[in-house]
Amino acid sequence: MLKPLVKAHGHLIRRFSCRALDKTLLTTLVEHCPLLEEVVLGLGKGAFWMEYEYLERMFRTLSQTRFQWDGQDRDRLPQQEHGHGEKSVEQNQSSGAVMRQLRKVEIDIDMEYLKPTMLWSLCHIPHLTDLNINARGTIGQDRSSWYLESLTLSLLECCPGVEKFRIYYSPQKMKYHPEGYRSRFKERVWEPMQDGRGPPLVPRDALVKLDVASSFGQGEEIGLGVEDKRRQRSLSPEAATNMGSKPGTKAASGKEEDIVSRPFILRQLELRGYHAEMNTLLHLFKRCPLLEQLSLFQSWSAVHSAHWHALSTHCQQTLRSIRLSAYNFNHYEVDDLNISTFLTLFPQLELLQVVDYPHQQLNLEAFDSSLSKFELEHQGRPHPLKAFCVTGNFEQMLIRLFDIISCPSLKCLESLKVGYTYRSLRYHELRETPETSDLGTHYDFTRSWEAVGRTLVRLDLHGLFFPDKQVTAKFFRKLEGFRSLRVLRASVHHFQDIISTSSSYGSSTSTSTPPSMSPSATTKDGTQSCKPEILPIANYRFPSIQDLLVGYRRSQMMMRSIINNPAYSSERERLSINQVLFLLAATPSLKNLLLQSQSVDDATAAIVRRLFRGVYVDTNYPDYLPWFDTLN
């Protein structure tokens, strides 16, 4: 079914995904997809027929095959450019030829059936810049570290042009395979081949095998010479010094020590999984002098302060983004994470995300003083931090938010998210928010929020809890002064609490059932909207907010576990139509009202769509927002 489609429409295919590899399908792909830029392949039990030499030929053909077209075919080829201005294929108008430039590869490999060294055949893709590896499977107890190095350091040595590298490494260890596995897979999986056949023993073998190593710095038949020049141009004098070489010099051809010491040109590195090796991580740090974005998840995020200092010695002036998430992995031994240290070690850091550190108390004691010192040491230049996200089981998270939002030295902050994770919620948090509480006296509203208020564009409070309604009301009252704030995300409970404390709530001409659309007004863009009389009089006003996101605080899994709790009330989980109208009255510049499906009923959503055609209403926006996934 799929092969006829590929034959008929292959000239349009730029991305192809095949989780269960079929030899004839791959042959069809090679022959009929001249514009291929991205492939997703599954190397599992179904790919056990593959030999290393087959992968070599396939990758070489996928990336280098030239096609001839006639006049009719030329008209069918789409002309599309990448964001950086390069064409996705090389075209020779005189000869009528098109050559693939495969740039992105994603591979799902089952290490129970295939060794990681099979992937060293990727060295035959000269323009590969984006590599994503998902490695899983049962392996021997003594193979975890060796396989990890094969999939990281050795693989990057084979693919020196990769700029974005993501790997999920999650092997299941066992001391021995069943006898049937051992006899069947012995040659392919466990024992390295030493007769020139099969996967190579070291990365250099993968390159030398087809006279690739001799092209370092000279030839361009498979592109390694091109990537070598690109690396030298990219290295700053500081980065070259860190690597122990001089910028602009060519790598010596053929020497193994040159291959294993040459710097990677990685700019984005993402590591996930549950069998992290800190030695491997430190080797990566040392060889990535151009690294700009670093993401560490699960066990990879258990990084001690000494490791961060080691990283700062190699890419202090280049690293702009750090994302840490310990989700589903408890780091009992990591207790020295200091936000102030991060900002001091990495003076170019623009994005910092710390998610779900259950035993971390988030040291912000020296937050403002460190930033003030930074500004003084850099001739008045404030720290460039633009995006800051911190969530987890931290105690007193609201106080941490006050520390951040009242910091006078945070002069560039544009995106902020502070809150708990779902795992940290407790049953008592389901109860009605009290009017006042003893905890409410601990929050200082006299501190100035002026510095952050001038620059903040996006604020996410969705996972945050306030001790009482008075604190909630005071907090949102101070937010009214944030004139740059364009996007606000908060939970149903936050809005219900500020509305219930509003003296103007209920003072409107609207009833429980809003009037029809007959009296209408025209907005500036010509769309029809409801007359202002329908809206209540709101004594809150957020004039700059354009996107209002109403989040549903609890996941479906949590709801199933708490629905029988006596403190649970379904009415508390949804906004009424009058409450939605109050929010619309408080946000006169609103363009998008995003309501998670559980936060309003269908009838309320339908009424709002009918009455406010100038506002886009969406009830299916996802719980997860990609504000902190990458740099803007």
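**Reading burial and packing**

Mentor: Start with Ser-301, which sits in the loop between strand 10 (293-297) and helix 13 (305-315). Helices (H or I, at least four residues) and strands (E, at least two) are DSSP runs numbered from the N terminus. This is a predicted model, where local features need pLDDT of at least 70, side-chain atom pairs count only at pLDDT 80 or more, and totals for chains, interfaces and linings use all residues. Residues are numbered from 1 along each chain as its sequence is written, and side-chain values use heavy atoms, leaving out hydrogens and water.

Trainee: Is Ser-301 buried or exposed?

Mentor: Buried means under 20% relative accessible area, exposed over 50%, partly exposed in between (1.4 Å probe, protein chains only). Ser-301 is buried because its relative accessibility is 1%.

Trainee: Which residues touch the most other members of the largest nonpolar core?

Mentor: In soluble globular proteins, nonpolar side chains tend to be buried together. A nonpolar core is a set of buried Ala, Val, Leu, Ile, Met, Phe, Trp, Tyr and Cys residues joined through side-chain atoms within 4.5 Å. Here the largest has 146 residues, and Leu-122, Ile-133, Trp-308, Phe-475 and Phe-476 touch the most other members. Helix 21 (residues 577-586) gives the most to this core, seven residues. A second, separate core of twelve residues includes Val-487 and Trp-627.

Trainee: Which residues of helix 18 are buried?

Mentor: In helix 18 (residues 469-479), the buried residues include Val-471, Phe-475, Phe-476 and Leu-479. The buried residues of this helix pack against helix 16 (397-405), strand 15 (458-460), strand 16 (487-491) and helix 19 (492-500), with contact meaning heavy atoms within 4.5 Å.
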